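Please keep the sequence and the structure in view while reading.

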Amino acid sequence: MDFSHRRCLLAVAVTAVAASVVTPVLLADSTTVASRGVRATSVILINGDGMAAAHREAARLYLAGLDGQLAMDRLPVSGQLTTSPHDPSTAVTDSAAAATAWATGVRTYNGATGVDVDGRPLAVLGQQAKAAGKSTGLVTTAQVTDASPAAFFSRTADRSAQDEIARQYLTFSRPDVVLGGGEDWWLPRGTPGAWPDKPAEDPSEGSRGTRGDLVEQARRDGYHYVSNAEQLASAPRGRLLGLFANEEMFQQRPEGEGDVYSPPVDLATMTGKALDVLGANGKGFFLLVEEEGVDEFSHHNNATRVLQSMRSLERTVEVARAYVATHPDTLLVVTGDHECGGLTVENTSDTDESGSAPSAEDGPFPVHGSTLRFVMDWTTTGHTGVDVPVTAEGPLAELFTGKHPNTHLHDVLARVLGI
Ligand SMILES: [Zn+2]
């Protein structure tokens, strides 16, 4: 971003701060929030990994129907984000570079978490929020050390160093709440933990950490450790580590080849628990929430499981909206880090004009409340560079109006969090 653009953004931001403090804000869904005197303190950022406009539209048709609207689309402010990385060899981002742009305001190369294009460590928002006195948390259906959360809470040159990322959670960024999959990276080889090595559904899984027993270290550091839904429900307020799978909390495969989306604890439940813990801090919090299934099943062009993942995400947004309805100091943002699958939504037809696998179309799927049907068609098993929609409500949400680089999300979140 050039200097004049930055100055312009600052002016817009200052105006918006003044407006949000002094005047009531009329939201598009007819909810009036009397924001006089309300200070912005907290952020809930919800990432549908790999989710762009077609994923949202397919989910709208499937879950809400032609005249319906998803909770994520009822947020009163919407805009677009570009997702380009700063990578010498590719124009299309991965999740690590995309999340680093969000977490640091700096575009970097694919694979980097929290470091710049020269490998230099950057200030990351998860650690900065903690240093500012906020509580912090991350909730995901991926490994808790996967690229998106990793970029907010660690600095590594290579996203695949997930055991090192876990170690940095305990020694560097210290998030209060860590919920998701990825137990394999927290335990050394030969220590299976709560989730057995070589399970039938994926014999390649097994503990493989090289940084010692990090679950035990977390316990020593005051984390309450849980590994199933019952333990999570009864966990006390305070530092919380929950690992609910060896790797992702689902099995990402092509349709009919052992693909499963049935997380042992759903994303909405994990998010509700995280909000209960983090909301106890009067200084506010930063919470990153991620539905990973959208991306992983888009890589496999598996539309049935993408729609299940989108339903999980939608229920999670409903939980977050219920929270911000009674906490007007909290900014809620729903977006995706990049598009995956080159997905589009089409009419049913007798022929698939885009040919056979991997770009074969999926469906038809019913349009909710209608006799009509639609198909989901893919153009790639990789990521694409199209824009992602962003929707938001709460303090400074209006700054998401328009089209911005993904680093803009960082700039807005940093303002709300006072860092
Ligand atoms: Zn991906």
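Helices and strands are here DSSP runs, of at least four residues for helices and at least two for strands, and they are numbered from the N terminus. The model is a predicted one. In it, the protein has 12 helices and 17 strands. Of its 419 residues, 55% are buried. Among the contacts with a separation of 6 or more, 71% are made by residues 24 or more positions apart.

**Two loop residues**

Thr-401 sits in the loop between strand S16 (388–393) and strand S17 (402–405). Asp-184 also belongs to a loop, which runs between strand S6 (177–181) and helix H7 (214–220).

| Residue | Relative accessible area | Class |
|---|---|---|
| Thr-401 | 48% | partly exposed |
| Asp-184 | 0% | buried |
| Asp-295 | 4% | buried |

Why does Thr-401 count as partly exposed? The class of buried residues ends at 20% relative accessible area and that of exposed residues begins over 50%, so a value in between is called partly exposed. The value for Thr-401 is 48%.

A polar atom of the Thr-401 side chain lies 2.9 Å from the backbone oxygen of Glu-398. Leaving aside residues up to four places away in sequence, Thr-401 touches Val-77 and Ser-78. The C-alpha atom of Thr-401 is separated by 8.8 Å from that of Val-390, a residue 11 places away along the chain.

For Asp-184, a polar atom of the side chain lies 2.9 Å from the backbone nitrogen of Gly-206. Beyond residues up to four places away in sequence, Asp-184 touches Glu-205, Gly-206, Ser-207, Arg-208, Gly-209, Asn-246 and Glu-247.

**An enclosed helix**

Helix H3 (residues 95–104) is largely enclosed by the rest of the structure, because 10 of its 10 residues are buried. Among them are Ser-95, Thr-100, Trp-102 and Thr-104. At the start of H3, a side-chain oxygen of Asp-94 comes to within 3.2 Å of the backbone nitrogen of Ala-96. Just after the helix, Gly-105 adopts a positive phi of about 80°.

**Two helices packed together**

Helix H2 (residues 53–64) packs against helix H11 (residues 303–326) at an angle of about 85°, and their axes are 10 Å apart. H2 and H11 are therefore roughly perpendicular to each other. H2 contributes His-55, Arg-56, Ala-58, Ala-59, Tyr-62 and Leu-63, which meet Val-306, Leu-307, Met-310, Arg-311 and Glu-314 of H11. An α-helix has 3.6 residues a turn, so residues three or four places apart point the same way.

Key. Residues are numbered from 1 along each chain as its sequence is written. This is a predicted model: local features need pLDDT of at least 70, side-chain atom pairs count only at pLDDT 80 or more; totals for chains, interfaces and linings use all residues. Side-chain values use heavy atoms; hydrogens and water are left out. Buried means under 20% relative accessible area, exposed over 50%, partly exposed in between (1.4 Å probe, protein chains only). A polar contact is a pair of N or O atoms within 3.5 Å; within protein, one must be able to donate a hydrogen and the other to accept it, and residues adjacent in sequence count only if both atoms are side-chain atoms. Axes are lines fitted to C-alpha atoms, for helices over the stretch in contact, and angles run from 0 to 180 degrees between N-to-C directions. Angles under 35 degrees count as roughly parallel, over 145 as roughly antiparallel, 65 to 115 as roughly perpendicular and the rest as oblique. Contact means heavy atoms within 4.5 Å.
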